[in-house]
Amino acid sequence: MKVLSALAALVLAASCATPLVPTGRSALTHQIADDAAAFNEAYGQAVSAQILLNILRSRDRLPRHYLSMTGISDSPSLRWRENAGVGSIPLGEGSSPWGFGSLGIERETQSRPTYAVQPFAADTLTRAAFQPTQPYVFAHYWRSGWPRDLLTLMMVERITLHTADGQSHTFNNEANEIFENCAPSIQTHGCEFVRALRTFLDRVDHPAELSTAANARGVCGLVEAYLPARPVRATPPAEGQDCDPVFAVGPDFYTFRLRSLDDMIYFVGELMRAGAMRAAPGEPIDAQVSISAAGLRGGGQGVPLFRIVPHASVQQRGYAARVSYAGALYFAGPAVGRSCSEASQEGVCMDTAEEGDRSSSVLSLIAEIMALNQSPDAIRPPSRLIAE
C-alpha cells in the first residue's frame with residue numbers, strides 16, 4: 001500500500017509539473033507569420049522615415065545622409081523553471097506518513113531582434129544615391145502603370161524637344177523656380193519645364209507598335225512611340241555609349257535626362273521649402289506643383305506632388321512615414337483607399353490635397369529605386385521587387 005501510494009503521488013506530481021510547450025504546427029505557423037509581418041512593418045517605417053528626414057533636411061538645405069539596414073533577425077529564447085515537492089501526510093494507523101504537497105512552474109521568454117544600421121560603403125553610396133537613374137528603370141516604371149506626371153517630375157531633370165524643323169528646345173526642371181502650380185502669371189524656367197511636360201503628357205495617349213524593319217529610323221534609348229511621322233525602331237547603344245530615354249511623338253522627339261536618387265530627394269525638399277514659406281504654423285506643407293489625384297482618371301485639378309503634415313494636423317489614420325525633426329514630429333503618406341472615375345464636390349472623391357494625397361507613392365518610388373541601386377548584400381525594402 002505504501003509503495004502504491006508513493007508511486008501515485010510521484011506520477012501525479014510529475015504530470016502536473018510537465019509544461020505544455022506550444023510546439024504544434026499551427027502555433028509555430030502563426031508565430032512566424034506574426035514575426036514576419038512585424039519586421040516588414042518595422043523595416044518599411046524605417047525606410048520611409050529616412051526618406052522623409054532627408055526631404056526635411058533638403059528643405060532646410062542641410063546635408064543628407066543615407067544608412068542601410070543589413071538584416072533583421074530574431075531568436076527568442078525560452079526558459080522553464082520547475083519545482084515539485086512531496087509533503088508528509090498520514091496514510092493510516094500503523095503506517096509511516098507519506099504524501100505530496102507543492103508544485104511550481106515558471107516560464108520566461110526572452111526576445112530581442114538584432115539588426116545593423118550603418119552608412120553605405122563609398123562605392124554603394126555612389127551607385128545608390130549619386131549616379132543618374134538607369135534608363136531601363138525609368139522605362140519599367142513608365143510601362144507599369146505608375147502616374148506619369150509623378151514619374152517625370154520626380155525622375156527627369158531636363159527635357160530636350162527636337163522638332164521636325166531641326167530645332168531643339170531644352171527645359172530644366174528647377175524646383176526653386178516652381179511656384180503656385182505654375183499659374184500663367186508665373187514666368188520662370190522651372191514653370192517652362194512644367195508646361196512643356198504637361199504638353200508632352202497630353203500628346204502621349206495610345207502608343208504605336210515599334211517597327212522592326214531595317215529601313216525604319218533607329219533610335220537609341222527609344223521607350224515608346226506615339227503616332228510617329230515615320231516608322232521608328234529601338235537600337236542598342238554603341239560600346240561605351242549611354243542613351244537617355246527617348247519618345248517619338250508625331251514628328252517630334254523628346255529626350256529625357258534622368259536624376260539621381262539624391263537629386264530626387266533634394267527636388268522634393270526644394271518644393272517643400274517654398275511650400276513651408278506659404279503654410280501657416282501648424283498647417284500642412286504642400287509642394288508647389290500638382291499631379292493627378294489618386295484614383296482619378298482625369299478631370300480634376302490635381303493634388304500636391306508631396307505633402308508633409310505636422311503633428312498638430314494629423315488625423316486618425318495610418319501614415320507611411322513618421323519622423324522627429326528639429327524638435328517637432330512630422331508625418332507623410334496617409335493611406336488613401338478609393339477608386340474614382342471623376343472628381344466630385346464632396347466625399348472621398350474630392351479633388352483636394354487631403355483626399356488625394358499621393359505622398360505614399362513618392363516615398364515608395366524613392367524606396368524602390370534605392371533598393372535597386374544597392375549592393376546585393378543590402379536588405380531590400382519589403383515592397384515591390386522590380387526585375388528587368
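**Disulfides and salt bridges**

Asp252 is buried, with a relative accessible area of 10%, where buried stands for under 20% relative accessible area, exposed for over 50% and partly exposed for what lies in between (1.4 Å probe, protein chains only). This is a predicted model, in which local features need pLDDT of at least 70 and side-chain atom pairs count only at pLDDT 80 or more, while totals for chains, interfaces and linings use all residues. Residues are numbered from 1 along each chain as its sequence is written, and side-chain values use heavy atoms, with hydrogens and water left out.

The cysteine pairs come next. The structure holds two disulfides, a disulfide being a pair of cysteine sulfur atoms within 2.5 Å. One of them joins Cys182 to Cys191, with an S to S distance of 2.2 Å, and with -85 degrees about the S-S bond this link is left-handed. Cys182 is buried at a relative accessible area of 7%, and Cys191 also counts as buried, at 0%.

Another disulfide joins Cys220 to Cys243, with an S to S distance of 1.6 Å. The torsion about the S-S bond of Cys220 and Cys243 is about 90 degrees, so the disulfide is right-handed. Because Cys220 lies in strand E7 (residues 217-220) and Cys243 in the loop between strand E9 (232-235) and strand E10 (246-249), the pair ties together parts that are 23 residues apart in sequence; helices (H or I, at least four residues) and strands (E, at least two) are DSSP runs, numbered from the N terminus. Both Cys220 and Cys243 are buried.

Turning to the charged side chains, the count comes to six salt bridges, where a salt bridge is a side-chain nitrogen of Lys or Arg within 4 Å of a carboxyl oxygen of Asp or Glu. Among them is the contact of Arg203 with Asp252, whose closest N and O atoms are 3.1 Å apart. Since Arg203 lies in helix H6 (residues 189-203) and Asp252 in strand E11 (residues 252-258), the pair ties together parts that are 49 residues apart in sequence. Arg203 is partly exposed, with a relative accessible area of 32%, whereas Asp252 is buried.

Strand E11 also holds Arg257, while Asp244 lies in the loop between E9 and E10, so the pair ties together parts that are 13 residues apart in sequence; the closest N and O atoms of this salt bridge are 3.3 Å apart. Arg257 is partly exposed at 31%, and Asp244 is partly exposed at 23%.
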